[in-house]
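The report below goes through selected features of the structure shown here, from individual side-chain pairs to the contact between chains.

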Number of protein chains: 2
Amino acid sequence: MSGTFPALDERGQKELVGALLQWSLANGLTMYPPEFNAYLVAHAPVTLFPTPMPKQAFELGLQVQKEFNKVYANIVAEKKWLNEVVETLSTYDPEFTGKLFEVYQKSLVDGKSVQPVSLGLFRLDYMLDQVKNEIKQIEFNTVSVLFGGLSTRVGQLHQYLNKLGYYDRDYLYEFYDDIPVSSLDHDLARGLAQANEHYRNVCSPSTTTVVLVIVQPNERNCFDQRHLEYALLSDHGVKLVRMTLEEVMKSTTVRETRLYAKQTMDEISVVYFRAGYGPDEYTTTNHWDARLTLEKNLAIKCPSLLTQLSGAKKIQQELTNEGILKHYVDEKGAVDLAKTFVKIYPLDDSTQGLEAQKLAQDPEQCERFVLKPQREGGGNNIYKKDIPEYLAKLPKDQWQAYILMEIINPATHKNKIIRLGKVYDEEILSELGIFGTILFNEDSGDIYQNDNAGFLLRSKFSSSNEGGVAAGFGCVDNIHLV
Amino acid sequence: MSGTFPALDERGQKELVGALLQWSLANGLTMYPPEFNAYLVAHAPVTLFPTPMPKQAFELGLQVQKEFNKVYANIVAEKKWLNEVVETLSTYDPEFTGKLFEVYQKSLVDGKSVQPVSLGLFRLDYMLDQVKNEIKQIEFNTVSVLFGGLSTRVGQLHQYLNKLGYYDRDYLYEFYDDIPVSSLDHDLARGLAQANEHYRNVCSPSTTTVVLVIVQPNERNCFDQRHLEYALLSDHGVKLVRMTLEEVMKSTTVRETRLYAKQTMDEISVVYFRAGYGPDEYTTTNHWDARLTLEKNLAIKCPSLLTQLSGAKKIQQELTNEGILKHYVDEKGAVDLAKTFVKIYPLDDSTQGLEAQKLAQDPEQCERFVLKPQREGGGNNIYKKDIPEYLAKLPKDQWQAYILMEIINPATHKNKIIRLGKVYDEEILSELGIFGTILFNEDSGDIYQNDNAGFLLRSKFSSSNEGGVAAGFGCVDNIHLV
């Protein structure tokens with residue numbers, strides 16, 4: 001039956017929706033509704049059906065993740081190229097990239113990080129190209145990757161509904177053959193636990209150690225984070241404490257380069273950022289002071305400032321250049337990784353850059369592209385025919401702050417999205433995120449742990465250009481293999 | 001620290017409440033709020049703190065449960081005494097007990113049940129007597145026992161909060177030494193799975209078998225049931241289908257004494273009643289027809305009509321008579337069980353009954369008692385000084401429909417209840433429910449399985465006389481051992 005779409009009548013869909021809502025509300029596939037009330041929660045927006053994904057394409061993503069983890073660890077450890085790139089980017093984005101880089105430099109003692117060991121929880125986002133039937137890279141994320149907890153649950157949800165026959169009009173069959181379930185929450189918890197363990201072994205703390213997670217205030221998607229916290233406690237017995245960037249200066253203290261939570265004086269082994277990735281989050285000097293305080297101590301950062309900065313799109317773009325890629329990975333790895341690339345151009349004065357400028361301003365050619373700011377965070381991409389107009393208004397000396405990326409011909413699928421109890425029936429576009437965790441030394445380049453860590457599918461109406469479930473459109477989804 | 005009460009300041013309590021709410025909403029410790037909306041759910045009402053319970057008293061409850069299971073199985077299998085008691089009760093309560101008994105008789109073929117094997121999911125409710133420091137029986141429940149799913153979760157919740165130090169003002173210690181967690185949802189699921197397995201072995205169904213659960217319409221407490229359903233599926237691969245009593249006649253069919261769910265023609269191995277225990281649920285002949293249809297087929301009932309009727313308070317009362325008890329359990333068992341009894345009197349014309357009539361009408365003595373209707377379900381108990389007045393209005397020939405029970409001197413404790421986000425600070429009274437499952441043959445008396453199945457604590461303000469979380473007052477709680 002795989003690949004086809006369930007044909008449910010009105011009664012069938014009603015029963016499916018009822019079962020889906022109660023499963024979600026019983027199993028923490030939840031999110032605060034827009035009208036916040038601490039004791040009430042809504043189901044998270046999800047698709048009614050899992051979305052088809054070619055098995056081979058999916059497996060390629062899993063296969064290359066650890067190579068990509070390594071590439072980024074190598075880039076960070078080598079430092080030279082990354083420093084150069086970030087320095088250049090800082091001139092175009094002094095207020096954010098520039099500030100992050102400045103804090104990084106301030107955090108060094110005698111030119112070295114106080115804690116050279118760094119934890120990466122990375123997510124590589126892909127889209128399925130329907131022409132090539134292959135997954136193609138959209139973005140490499142090095143900071144604050146979301147949806148670990150909800151991803152596991154939406155997979156379990158679709159599997160449950162399938163098992164009970166809700167996708168079959170007559171409840172007789174399991175409609176889908178293969179719905180893999182990501183164990184993301186446990187996998188990411190394992191990554192944090194490995195870093196905590198490393199800290200305990202190397203730094204010999206005298207007290208209990210805890211993981212500090214830096215969160216955004218009033219997080220509607222807090223249950224996603226909570227699942228990770230509960231997994232860390234139940235799987236590894238490691239406690240996690242939460243703080244906003246705003247609270248760091250008054251709620252932590254550093255003694256002899258060790259970071260402590262003031263209230264309990266528990267020593268912090270790992271600082272895990274689920275906030276602090278966008279310029280809007282640094283509105284006062286207190287926030288920048290907090291970031292420096294968090295960086296300049298023995299706690300292992302997830303990510304360190306340098307690792308966060310390695311997520312610059314410029315790096316991702318340059319890696320599509322075979323010569324550069326091969327500098328960071330062996331021959332075989334380079335061949336595999338290259339299968340996941342689309343063409344990415346700089347908008348500078350290099351030969352490639354000049355070619356890109358032409359393409360971007362051409363009213364026909366521009367349809368093949370998306371213009372992206374180098375900075376992380378999403379939400380500011382310029383698509384297709386909007387590009388020439390946007391560039392026309394942008395001072396030429398700002399162009400280098402953007403990259404031009406070939407748009408993927410994304411597969412669209414029939415599906416339905418349910419949000420706040422209401423069913424929306426449209427074509428969807430999906431983005432597959434593959435996760436990996438890596439514990440490495442930014443000075444020696446040693447890699448202590450390097451693991452796959454599950455996956456995530458996010459979908460949105462194909463009529464909208466931007467994803468982002470937390471922002472109120474789009475939703476969490478799960479794959480079924482075809 | 002055990003036995004004492006956490007002294008939290010305002011900040012401490014606020015943080016405790018915040019962690020408690022998010023844990024509940026992330027882990028399905030949930031209930032629909034009074035204003036129903038299919039996509040929104042509230043946390044279930046719970047206590048902020050676990051409630052102390054003497055270890056010895058708790059262990060006695062666990063220890064005697066399997067003996068009690070056996071006593072009731074023996075009473076049902078012997079039939080003679082139970083039939084006599086129920087026949088008498090039917091004359092006082094013809095509209096409900098009488099009707100249930102009538103349906104039971106109609107369901108017999110040549111004087112025998114079509115399916116002699118019966119599953120009991122029993123709950124024995126106790127209160128802790130603060131004078132004796134012992135638990136004393138309140139009620140033996142043979143039908144529709146609640147809170148399997150929520151009980152497990154409230155234990156996990158208190159354990160989580162304790163582990164993270166929320167009960168200590170400075171987050172430094174685990175305030176409570178021993179918070180046992182009930183695995184009720186999995187234990188009850190195991191009972192249902194054992195019955196399903198027995199059915200498959202003995203009745204050799206030709207198709208998939210499913211467990212049919214009879215539910216009340218618009219159940220706010222549906223998540224409690226759902227956890228049992230999910231445990232049954234994940235632990236044993238057994239599906240559960242839901243139906244109201246109203247839907248049974250049109251949604252099931254019986255062929256050659258086998259019961260099927262019409263939609264899928266899956267054979268029903270077990271009928272599990274989470275409804276049908278009170279007279280209000282039988283408003284049309286359709287409901288009585290449904291009950292007869294469900295009874296008169298090969299599916300194993302949980303409970304059978306006869307087992308449901310064995311829950312009559314008259315039976316419980318008579319068992320406090322040593323001579324009767326010893327007829328159903330060995331010497332050693334009788335001694336242990338008797339430790340959990342309080343004095344229960346009939347209100348009939350026996351010597352005991354005449355004594356009870358005097359006590360009940362005495363304005364001083366009545367303070368020691370509660371008057372309970374023989375019928376199941378709760379909500380109609382008459383307490384202490386209300387008894388003489390109530391009896392004065394009740395025609396004398398109705399008195400036999402009641403029993404007079406010595407009130408326990410229940411331990412009250414300082415605690416706080418949180419309901420719909422609001423914290424109530426009062427003394428509470430608690431009821432400890434100990435669960436057991438038994439699979440037995442009502443004809444031969446053979447017992448195939450007999451197991452403990454966890455526990456449950458429900459608490460309410462000591463100022464109110466009636467429990468019942470689902471009704472909007474009272475809440476789920478958990479014990480900590482002292």
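## Salt bridges within helices

In this predicted model, the side chains of B:Asp187 and B:Arg190 meet in a salt bridge with an N to O distance of 3.7 Å, a salt bridge being a side-chain nitrogen of Lys or Arg within 4 Å of a carboxyl oxygen of Asp or Glu. The two residues are three apart in helix 6 (residues 184-203) of chain B and are therefore separated by about one helical turn; helices (H or I, at least four residues) and strands (E, at least two) are DSSP runs, numbered from the N terminus. B:Asp187 counts as buried at 12% relative accessibility, whereas B:Arg190 is partly exposed at 26%, where buried means under 20% relative accessible area, exposed over 50% and partly exposed in between (1.4 Å probe, protein chains only).

B:Glu67 forms a salt bridge with B:Lys70, with the closest N and O atoms 3.8 Å apart, and these residues are likewise three apart in helix 2 (residues 55-78) of chain B, about one helical turn. B:Lys70 is partly exposed at 32% relative accessibility. In helix 12 (residues 322-328) of chain B, B:Glu322 and B:Lys326 lie four residues apart, about one turn of the helix, and their side chains meet in a salt bridge of 2.7 Å, N to O; B:Lys326 is partly exposed, with a relative accessible area of 33%. In chain A, salt bridges that share partners join A:Arg123, A:Asp125, A:Glu431 and A:Arg458 into one network. Over all chains, a search of the whole structure finds 56 salt bridges.

## Helix 1 of chain B

Helix 1 (residues 10-26) of chain B has 17 residues, which at 1.5 Å a residue should span 24 Å, and its end C-alpha atoms are 24 Å apart, in agreement; the expected span is 1.5 Å times one less than the number of residues. Twelve of the 17 residues are buried, so the helix is largely enclosed by the rest of the structure. Among them are B:Leu16, B:Leu20, B:Trp23 and B:Ala26. Just after the helix, B:Gly28 takes a positive phi of about 70 degrees.

## The surroundings of B:Val238

B:Val238 is placed in the loop between helix 7 (222-236) and strand 8 (239-244) of chain B, and is buried, with a relative accessible area of 8%. Leaving aside neighbours within four places in sequence, B:Val238 is in contact with B:Asn196, B:Val211, B:Leu232 and B:Leu233. B:Val238 and B:Gln159 are 79 residues apart in sequence and 30 Å apart in space, C-alpha to C-alpha.

## Conventions

Residues are numbered from 1 along each chain as its sequence is written, and chains are lettered from A and ligands numbered from 1 in the order in which they are written. Local features need pLDDT of at least 70, side-chain atom pairs count only at pLDDT 80 or more, and totals for chains, interfaces and linings use all residues, while side-chain values use heavy atoms, with hydrogens and water left out.

Conventions: Contact means heavy atoms within 4.5 Å.
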